[in-house]
Amino acid sequence: MTTNDTPSLKTSLKMNRRALLGLGASAAAMAACPALAQGSDKPIRLILPISAGSGVDTIARAAAPALGKAFGQPVVIDNLPGAGGITGAAAIVKAAPDGLTLGMVSNNHVINPAVFRKMPFDAINDITPISVVGATPLVLLANPKLPARNVPELVALLRAKPGAYNYASSGNGTIIHLAGEMFMDEAGVKARHIPYKGTGPMMTDMIGGQVELGVVALPAVQQHIRSGALRAIGLCGAQRSPAAPDIPTIAEQGLPNYAVEGWFAVIGPAKMQPADVLRVHDAVVAAFNSAEVREAMDKQGNVVRPTTSEQAASYFRSEAARYAALVKKANVTLE
C-alpha cells in the first residue's frame, strides 16, 4: 500500500470535491474495519494450548465477542492441550503467518524450553509476539491448620523444620511449581514438592490437609479464602490486587525481591508482516480495553495492561532467561 500513496495523492488533487468526500468516507470505513479492508471474510482461529475451563481459557472466551467486533471477523477458540502446552503452541508455530491464526499463551510457553529436554520448535524465534495483554495474580496459600499466618511466621516455621512440610503444585515445571520454588529460594528455606495433575486435585488435598502449602491463581481460590478453607499467606505479585486488597504481598512482608504473576499474551506464527502485526495488535488492545471485557477481567481478578509487540518480544526473552535459571536451580527436567 505504501508504494501507491504518492500517485494516489497526485490523482486525488485533480478530483472534484464530491469525489474527495467519497474517498475520505471509504478510507474511514477501511480504518474502522482493518480486517475487512484486507478482503478476508475468514474467521480468526485463536488457539489455546490449554484445556477448556482453565484460567487462560476463561479469559479468551470472555474476550472473544469483543475481539470479533474489533477484527470485523468472528473469532473461533480452538483448545489444543497436551504436553504442558507444547501441542497447541506447535500448531500456532506451523500456521500460515497471515494473521488469521493466533494463540493465547501464558508463562509456560517460555518455561517449557528450560524444562523439556526436546522441543519441536523455538519458543522465542518461531513466534511473533503481539502483546502481553495482562496478568492473573497468584497467591501463596496454606491449610489453616498450619501454625503460620504470614510470611515471617511461615519462614520461621520452615527454617525450624527443614523439609518437614509439603508444598503442592499443578505439575512439574509449571508456573505454580516455579512460584513455590522461587519462594523457597528467596526465603532460604526448604519444603517437599508434591506435583499434582492439575490445580483441581491439588486444591482438594490442600483443603483436606494432605499438603500444607501451594501457590494458586487468586480468582480460583477467592471463595476458599473467604470461607476459611484456605489461608492466604501473601500475594505473589509486586503489588496488591484490587480484587483482594486486604491480602499483603510477599514482597512487603520481608522478601522484597519476590515477584511472580501468571501473565497471558497473544502471539502469532513467525514472519508475520508488520502491517498484520499492527492490525492484530490494535484489535487485541481495543477488545481488552472495551468496557465489557474490562468488567469481565475485574470480576475474574485479572489485570489488563497490554504491551506493544516490541515490548512483548523483550518480555518473552527476559522471562525465558529468568525461568531457565530457576529451573536449573530446582533441577527440573522432563522428557
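Helix axes are lines fitted to C-alpha atoms over the stretch in contact, and angles run from 0 to 180 degrees between N-to-C directions. The views below come from a predicted model, in which local features need pLDDT of at least 70, side-chain atom pairs count only at pLDDT 80 or more, and totals for chains, interfaces and linings use all residues. Residues are numbered from 1 along each chain as its sequence is written, and side-chain values use heavy atoms, with hydrogens and water left out.

**View A. Packing of helix α4 (residues 55–71) with helix α11 (residues 274–288).** The two helices pack at an angle of about 120 degrees, with their axes 8 Å apart, which makes α4 oblique to α11 (angles under 35 degrees count as roughly parallel, over 145 as roughly antiparallel, 65 to 115 as roughly perpendicular and the rest as oblique). The contact (heavy atoms within 4.5 Å) is made by I59, A63, A66, L67, A70 and F71 of α4 together with R279, V280, A283, V284, A286, A287 and F288 of α11. By class, this contact has 12 nonpolar, no polar and one charged residues.

**View B. R279 in helix α11.** R279 counts as buried because its relative accessibility is 9% (buried means under 20% relative accessible area, with a 1.4 Å probe and protein chains only). The side chains of R279 and D276 are joined by a polar contact of 3.3 Å (a pair of N or O atoms within 3.5 Å, of which one must be able to donate a hydrogen and the other to accept it).

**View C. The buried residues of helix α10 (residues 218–227).** These residues are L218, V221, Q222, H224 and I225, and they pack against β5 (138–142), α9 (199–208), β8 (213–217) and β9 (231–235). Just after α10, G228 takes a positive phi of about 90 degrees.

Technical notes
Helix = DSSP H or I, 4+ residues; strand = E, 2+ residues; numbered from the N terminus. Nonpolar A, V, L, I, M, F, W, Y, C, P; charged D, E, K, R; others polar. Buried < 20%, exposed > 50% of the residue type's maximum accessible area, 1.4 Å probe, protein only.
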